[in-house]
Amino acid sequence: NVKPFVYFINIGNLAGKCMSDLKGIFNSISSKVVEYHDLCHASSSWPEKSPIAHEENGMWYWIEKNHQYNCQLWDEEDMARRIDVEDSDIALNKRNIDQFNQKRNDAIESIDEKILDFLVNVKVVDSAWFSSETAGSIVDRLSIVSLKILHMGIQADRVDIDATQKGEAKSKKKRLIVQRNDLSFCLNQLLQSASNGKAFYRIYRQFKMYNDPKMNPYLSGLIK
């Protein structure tokens, strides 16, 4: 049932709304992010296709892309640990990891850009607190912890392992759920405070120099 998500499909067009609208949007984001991640995991078409249609280049579009890249990263990381394949297969996994990680970081920055667009007219008060972690980076952490919860649950449900291993997996899953709840709370606090001008953050950019052929010393010719 995707009805709860209908209201945010076109959320990318909401820049410039009044402060009461912003508070309403930001008040629901963290819980909807958690719900969306779980909905993706339950969809047979994921990660190739989102179970929810999002307007291209809107905030939720980039939340979708961030989660998609994290899921693809997870699979590639698992495959890169194989020991029964050729080295060339592992090299391909490593290159895919590099590409998905760059895309993941780009999506985080795009999430932050869209959120800051919403906040452009908010006056920041002198006593506002500064967050060194951006809203986009918290969304990214929520994505990753959702994957950990999913896969730890798969381990806990295995029938081919002993009770001790199953118990450990169940215990770890519970702690991961606590972590996700804490992250959700922190995202709410940051966005609610930011919508009131009581908090702010900056986008610093990742500057992945090793992915830039002009800056990577081996690709640019600096080291021969």
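Helices are DSSP runs of H or I with at least four residues, numbered from the N terminus. Valine 145 lies in one of them, helix H4. This report starts from the whole chain, moves through the helix packing, and ends at a pocket. The model is a predicted one.

## The chain as a whole

The chain has 224 residues, and 42% of them count as buried. Its secondary structure comes to five helices and two strands. Along the sequence, these elements follow the pattern α-α-α-β-α-α-β.

## How the helices pack

Two packed helices are described by the angle between their axes and by the distance between those axes.

| Helix pair | Axis distance | Crossing angle |
|---|---|---|
| H2 and H3 | within 8 Å | roughly 160° |
| H3 and H4 | 7 Å | about 130° |
| H4 and H5 | within 9 Å | roughly 160° |

Take H4 and H5. H4 covers residues 135–156, and H5 covers residues 163–195. Their axes cross at roughly 160°. Angles over 145 degrees count as roughly antiparallel, so H4 is roughly antiparallel to H5. The crossing of H4 and H5 is left-handed. The residues of this contact divide into 16 nonpolar, six polar and seven charged.

Next come H2 and H3. The axes of H2 and H3 also cross at roughly 160°. That makes H2 roughly antiparallel to H3. The crossing of H2 and H3 is left-handed. Their contact residues divide into 14 nonpolar, seven polar and six charged.

What is the hand of the crossing of H3 and H4? First, the angle. H3 and H4 pack at about 130°. That makes H3 oblique to H4. The crossing of H3 and H4 is right-handed.

## Residues inside the helices

Valine 139 has its place in helix H4. Is valine 139 buried or exposed? Its relative accessibility is 2%, so valine 139 counts as buried. Its C-alpha atom is separated from that of asparagine 66 by 8.5 Å. Along the chain, valine 139 and asparagine 66 are 73 residues apart.

Valine 145 is also in helix H4. At 2% relative accessibility, valine 145 counts as buried. The cut-off for buried is under 20% relative accessible area. Glutamine 179 is 34 residues from valine 145 in sequence. In space, the two are 7.7 Å apart, C-alpha to C-alpha.

Glutamine 192 is found in helix H5. Its relative accessibility is 21%, so glutamine 192 counts as partly exposed. Which sequence separation lies between glutamine 192 and serine 28? They are 164 residues apart along the chain, and their C-alpha atoms are separated by 9.9 Å.

## The loop between H1 and H2

Helix H1 spans 19–42 and helix H2 spans 59–79. The loop between them holds two backbone features.

One is at proline 47, which has its place in this loop. The peptide bond from tryptophan 46 to proline 47 is cis, with omega near 10°.

The other is at asparagine 57, placed in the loop between H1 and H2. Phi of asparagine 57 is near 70°. That is a positive value in a residue other than glycine. At 40% relative accessibility, asparagine 57 counts as partly exposed.

## The largest pocket

Rolling a probe the size of a water molecule over the atoms shows where empty space is left. Here, the largest pocket has a volume of about 150 Å³.

Which residues line the largest pocket? The lining includes Ile108, Glu109 and Asp112. Ser132, Glu133, Thr134 and Ser137 also line the pocket. Arg202, Ile203, Tyr204, Arg205 and Gln206 are among the lining residues too.

Methods:
Residues numbered from 1 in each chain as written. Predicted model: local features only at pLDDT ≥ 70, side-chain atom pairs only at ≥ 80, totals over all residues. Heavy atoms only, no water. 1 Å grid on protein atoms, 1.4 Å probe; cavity = no way out; pocket = protein on both sides within 12 Å on 5 of 7 lines; lining within 4 Å. Points joined across faces, edges and corners; volume = space filled by probe spheres on them. Buried < 20%, exposed > 50% of the residue type's maximum accessible area, 1.4 Å probe, protein only. Axes fitted to C-alpha atoms, helices over the stretch in contact; angles between N-to-C directions. Parallel < 35°, antiparallel > 145°, perpendicular 65-115°, else oblique. Left-handed = near helix turned anticlockwise from the far one by under 90°. Nonpolar A, V, L, I, M, F, W, Y, C, P; charged D, E, K, R; others polar.
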